Amino acid sequence: MNSKVPIGVIGFGSMGQLHARNAIKLGLFEIKAVSDIDENALKVAKTEFKVNNTYSSYLDLLDRKDIEAVIITTPPSTHAKIISDASKYGKHILCEKPFTTNFKEAQVVYSSIVKNKVKFQLGLVLRYTKTYNVLLNYLSNEVKLLGLQGRYGGYLISYKPHFDRTFDRGMVNSNTIHLIDIIHYLAGNINEVYVKFNPSFPKEPELSGIISFVHKNGLISNLYTSGAMRVESFLFVNTLSKDYLVESNIKLFEITDKGKTQILSSELGFEEELTAFYNYLVNGIPTQSGVEDAMKLSYLMEKVYESASKGKPVRL
Ligand SMILES: NC(=O)c1ccc[n+]([C@@H]2O[C@H](COP(=O)([O-])OP(=O)(O)OC[C@H]3O[C@@H](n4cnc5c(N)ncnc54)[C@H](O)[C@@H]3O)[C@@H](O)[C@H]2O)c1
């Protein structure tokens, strides 16, 4: 029988609790401690999750010798500092996306992770979601990929974190990053980005945007995003022989001239993501979203914002 990895969770809001619930359900991790600056979150950890060791300073959690790894689920604006500190304490890390709020921070954090030789996985749940893995497999057998078109949104405009720069850089870094990463994952490296955000950007955070990528293989993908959309997200993938459609990240359809057929419906891959982290730590199986992937994505996001600020295409 596999032994459980002793972990700490830093940031016990919605995502911290979601990962903690899955960690307990999967039986792969033992939650030794929780840290949050909010007393109520610590109360939840004690009463609902039966975690006895709770700290308002995450440094006290990192100081525990019995913790091998941490899950970081704090606001993105705090990631750079907390990841750097965790790596200095020699803790392996699973950190929710985005890696950091900008590329400059990412470079500092990268050095700390590499220097301290800790394992790092970025929480990119869609890479672990069955729909996209099955799609990736189909695409590897396709004669030719012609293009990708996506729409991402589905959150009400009242969801504050997407527009609050004390939480993150903005909606695209906080939310659309999921589909940007998947487009990059499915269609390969990107040479050029061309981005338009709402006219009040950069004075105001982006509330909507059109994002185009030119991939190294010549393919073009387009993505429309809006924080005000009350509709589900989708991604169309056009190939020479047939088209695919992913709805809400979890339903995969095949489209031919005979019509639209559902291939599968899956859950978001949060459990698979945690299992991959365990396998990375215990069995040395490389993660699908390691520190190099985090850096690539962070650089791409920097170029997305640069293009929107300059109002012209930017090469990578
Ligand atoms: N993968 C996904 O689908 C997904 C979905 C939502 C959020 N996220 C990401 O998860 C992270 C957390 O988002 P959330 O929605 O859970 O936010 P949240 O506001 O619900 O939770 C964040 C928690 O961190 C705590 N916190 C803040 N600063 C802290 C510090 N210095 N030390 C310890 N705790 C601290 C807050 O008190 C809060 O309880 C973000 O990076 C976000 O982008 C990912």
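Select Leu-122 to start: Leu-122 lies in strand 6 (residues 120-123). Helices (H or I, at least four residues) and strands (E, at least two) are DSSP runs, numbered from the N terminus. The model is predicted, with local features requiring pLDDT of at least 70 and side-chain atom pairs counting only at pLDDT 80 or more, while totals for chains, interfaces and linings use all residues. Residue numbers run from 1 along each chain as its sequence is written.

**Stop 1: around Leu-122**

Is Leu-122 buried or exposed? Leu-122 counts as buried because it has 26 C-beta neighbours inside 10 Å. The cut-offs are these: a residue is buried if 20 or more other C-beta atoms lie within 10 Å of its own, exposed if 12 or fewer, and partly exposed in between, with C-beta atoms placed from the backbone.

Now show what Leu-122 touches. Leaving out residues up to four places away in sequence, these are Cys-95, Lys-97, Phe-99, Ser-289, Asp-293 and Ala-294. Contact here means that the C-beta atoms of two residues, placed from the backbone, lie within 7 Å. Draw a C-alpha to C-alpha distance from Leu-122 to Ala-294: the two are 6.4 Å apart in space and 172 residues apart in sequence.

**Stop 2: two domains**

Colour domain 1 (5-124 + 271-289) and domain 2 (127-268 + 299-315) separately. These bounds come from an automatic or database domain assignment. The C-alpha centres of the two domains lie 27 Å apart. Where they meet, 14 residues of domain 1 and 13 residues of domain 2 take part in the contact. On the domain 1 side, helix 8 (residues 270-283) supplies the largest share, 3 residues. That side divides into 6 nonpolar, 5 polar and 3 charged residues. In this scheme Ala, Val, Leu, Ile, Met, Phe, Trp, Tyr, Cys and Pro count as nonpolar, Asp, Glu, Lys and Arg as charged, and the others, Gly among them, as polar.

**Stop 3: the ligand**

Select the ligand and the residues around it. The ligand is surrounded by 23 residues, and the closest are Gly-11, Gly-13, Met-15, Asp-38 and Glu-96. A residue is taken as near a molecule if its C-beta atom, placed from the backbone, lies within 6 Å of it. Helix 1 (residues 14-26) gives the most to this shell, with 3 residues. By type, the shell has 9 nonpolar, 10 polar and 4 charged residues.

**Stop 4**

An open sheet is formed by 9 strands in the order 14-13-12-11-7-10-9-8-15, with mixed pairing. Which strands stand at the edges? Strand 14 and strand 15 (314-315) do; each has a single partner strand, so one side of each is left without a neighbour in the sheet. Two strands count as paired if DSSP finds at least two bridges between them.

Go to strand 9 (residues 208-215). Gly-209, Ile-211, Phe-213 and His-215 make up its covered face, and Ser-208, Ile-210, Ser-212 and Val-214 its uncovered one. In a regular strand the side chains alternate between the two faces of the sheet. Strand 8 (residues 190-197) runs antiparallel to strand 9 and is joined to it by 7 bridges. Across this pair, Val-195 stands opposite Ile-211, and the bridge partner of Lys-196 is Ile-210. Strand 10 (residues 220-226) is also antiparallel to strand 9, again with 7 bridges. Ser-208 stands opposite Ser-226 there. Strands 9 and 10 form a hairpin with 4 residues between them, and Gly-218 in the turn has a positive phi of about 95°.

Move along to strand 12. Strand 12 pairs with strand 11 in the antiparallel sense over 5 bridges, with Phe-234 opposite Glu-247. On the strand 13 side, Asp-243 stands opposite Ile-255. The hairpin of strands 12 and 13 has 3 residues between them, including Ser-248, which has a positive phi of about 55°.

**Stop 5: helix 6**

Finish at helix 6 (residues 130-140), where Thr-131, Tyr-132 and Leu-135 are buried. Viewed down the helix axis, the buried residues fall within an arc of 90°, so they line one face of helix 6. The arc is that of the directions from the axis to the C-beta atoms. Asn-137 and Ser-140, on the other side, are exposed. Among the elements covering the buried residues are helix 7 (171-187) and strand 11 (234-239).
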